[in-house]
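Let's take a walk through this structure, starting with its pockets and ending at a single side chain. Have the model open and follow along.

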Amino acid sequence: MHHDFNLTATHVVFMDLPVVFDLETAKSGGGMPFRWRDDYQARLGVLRRDDPHGAIRWFPIDPCYAFHTLNAHDEPGRIVLHVSRYPSLWRQDSHLPEHASLWRWTIDLATGTVAEEQLDDRDAEFPRIDDRLAGLDSRFGHATVAGDSGALLRYDLHTGTGTAHEFGPGRIPAEAAFAPADDRPGGDGYLMTYVYNADTDRSDLVIVDASELAAPPVATIHLPARVPYGFHGNWLADK
Ligand SMILES: [Fe+2]
């Protein structure tokens with residue numbers, strides 16, 4: 001099940017992970033027709049962008065699953081990926097009993113190995129950057145904590161530190177799109193997300209300053225209805 005892939009200035013990196021199509025599940029109507037397979041080798045596939053019909057070079061990694069990548073970039077002799085990584089997924093059914101967290105995979109193109117490193121133990125899904133830095137070394141990354149006590153996270157990938165905006169019990173955010181504040185890629189900007197309020201059964205559109213994430217929201221726009229949990233969203237400036 002390929003849900004997403006990684007892109008750098010010079011490479012594409014595919015994630016071939018042990019959640020695979022399962023015909024019996026498809027026939028039984030038992031949810032998503034994919035299941036975890038212990039006998040399936042997890043691996044990353046590296047393709048050069050200047051040779052798109054060339055061979056994919058495969059690198060084995062530990063078993064896991066990742067729906068979403070935060071970003072990826074090239075370094076001399078290496079490719080660095082940041083992903084929301086699940087220890088496993090869909091062993092018995094297609095619910096989400098386990099949580100994803102932020103991991104870094106560093107592919108060493110000379111040795112053919114991958115260094116795998118967990119960067120934080122908080123839940124972190126729907127990772128997003130300033131999209132103008134896609135494929136480049138984005139210092140900051142953002143993610144959503146969508147549990148019973150939701151939050152938005154901001155990681156400084158250069159210093160290994162982070163900040164959070166906590167919504168508190170019963171308020172659950174979705175993916176947060178980054179809206180730039182100016183013309184500097186990687187500079188200031190805002191995170192915008194729908195937040196479901198279980199007490200009122202309605203949603204708010206909440207805007208927070210990404211550089212002052214722990215501060216109160218810049219704006220909270222109360223909506224007259226619930227916005228169902230979505231998947232992905234983007235901010236498009238009105239020129
Ligand atoms: Fe997705």
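A pocket here is an open set of grid points with protein on both sides within 12 Å along at least five of seven lines, and its lining residues have an atom within 4 Å of a point. Keep in mind that this is a predicted model.

Start with the largest pocket, which has a volume of about 790 Å³. Its lining is made up of 27 residues, and those nearest the centre are Tyr-86, Leu-96, Glu-125, Phe-126 and Ala-146.

Now move to the second largest pocket, at about 370 Å³. There are 19 residues around it, with Asp-4, Phe-5, Thr-69, Leu-70 and Asp-131 closest to its centre. Strand 11 turns up here too, supplying at least two lining residues, as do strand 1 (6–7) and strand 7 (69–75). Strand 7 is the top contributor, with 4 residues. This lining splits into 7 nonpolar, 8 polar and 4 charged residues.

Last stop: Asn-197, which sits in strand 17 (residues 189–197). Is Asn-197 buried or exposed? It counts as buried, because its relative accessibility is 15% and the cut-off for buried is under 20%. Its side chain reaches the backbone nitrogen of Asp-199 at 2.9 Å. Setting aside neighbours within four places in sequence, Asn-197 is in contact with Gly-170, Arg-171 and Arg-202.

Conventions:
Residues are numbered from 1 along each chain as its sequence is written. This is a predicted model: local features need pLDDT of at least 70, side-chain atom pairs count only at pLDDT 80 or more; totals for chains, interfaces and linings use all residues. Side-chain values use heavy atoms; hydrogens and water are left out. On a 1 Å grid over the protein atoms alone, a cavity is a set of points where a 1.4 Å probe fits but cannot get out, and a pocket is an open set with protein on both sides within 12 Å along at least five of seven lines; lining residues have an atom within 4 Å of a point. Grid points are joined across faces, edges and corners, and a volume is the space filled by probe spheres set on the points. Ala, Val, Leu, Ile, Met, Phe, Trp, Tyr, Cys and Pro count as nonpolar, Asp, Glu, Lys and Arg as charged, and the others, Gly among them, as polar. Buried means under 20% relative accessible area, exposed over 50%, partly exposed in between (1.4 Å probe, protein chains only). A polar contact is a pair of N or O atoms within 3.5 Å; within protein, one must be able to donate a hydrogen and the other to accept it, and residues adjacent in sequence count only if both atoms are side-chain atoms. Contact means heavy atoms within 4.5 Å.
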